[in-house]
Amino acid sequence: MQQVSVAAIHLKQQQCMQLHKGSLQAGQRYIAACHDLESLQHAQNIGCDAAILSPVLPTASHPDTPALGWAQFQDWAKQVDIPVFAFRRDASAGLGAGPATPCLWYCRDPLYGCVG
């Protein structure tokens with residue numbers, strides 16, 4: 001059997017919310033997908049290394065989900081002490097029309113706040 005190295009384990013919000021402090025495997029990095037402040041704070045409390053907070057902007061893949069907006073994203077990101085990323089697809093690369101360029105926005109930089 002071939003050993004596979006994993007850089008980080010991605011937890012969906014539902015998976016994250018079912019876990020408690022001490023349930024994450026030591027030596028692994030965990031990144032939680034979060035869609036509200038409660039799940040973002042929970043991700044920090046159980047020991048996740050970072051979170052992806054979305055949707056910041058309206059998306060074609062989830063048209064009925066209200067977007068947070070950049071101000072809400074930044075406000076919530078400042079309320080936790082783990083790195084918070086916003087994932088979006090670059091509209092100039094063809095949102096909804098085949099592969100698009102993924103973009104990450106990071107909020108927790110001590111000098112610059114949110115940076116892209």
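Me: How many residues apart in helix H3 are Trp 70 and Phe 73?
Reply: This is a predicted model, in which local features need pLDDT of at least 70, side-chain atom pairs count only at pLDDT 80 or more, and totals for chains, interfaces and linings use all residues. Residues are numbered from 1 along each chain as its sequence is written, and side-chain values use heavy atoms, with hydrogens and water left out. Helices (H or I, at least four residues) and strands (E, at least two) are DSSP runs, numbered from the N terminus. In H3 (residues 70-77), about one helical turn separates Trp 70 from Phe 73, because their spacing is three residues.

Me: Which kind of aromatic pair do Trp 70 and Phe 73 form?
Reply: Rings of Phe, Tyr and Trp (its six-membered ring) pair if their centres lie within 6.5 Å; planes under 30 degrees apart count as stacked, over 60 as edge-to-face and the rest as tilted. For Trp 70 and Phe 73, the centres are 5.7 Å apart and the planes 80 degrees, which makes the pair edge-to-face.

Me: Is Phe 73 buried or exposed?
Reply: Buried means under 20% relative accessible area, exposed over 50%, partly exposed in between (1.4 Å probe, protein chains only). Trp 70, at 34%, is partly exposed. Phe 73 has 0% relative accessibility and is therefore buried.

Me: Which residue of E3 is the bridge partner of Ala 32?
Reply: Strands E2 (residues 30-34) and E3 (residues 50-53) pair in the parallel sense over four bridges; pairing requires at least two bridges found by DSSP. In E3, the partner of Ala 32 is Ala 51.
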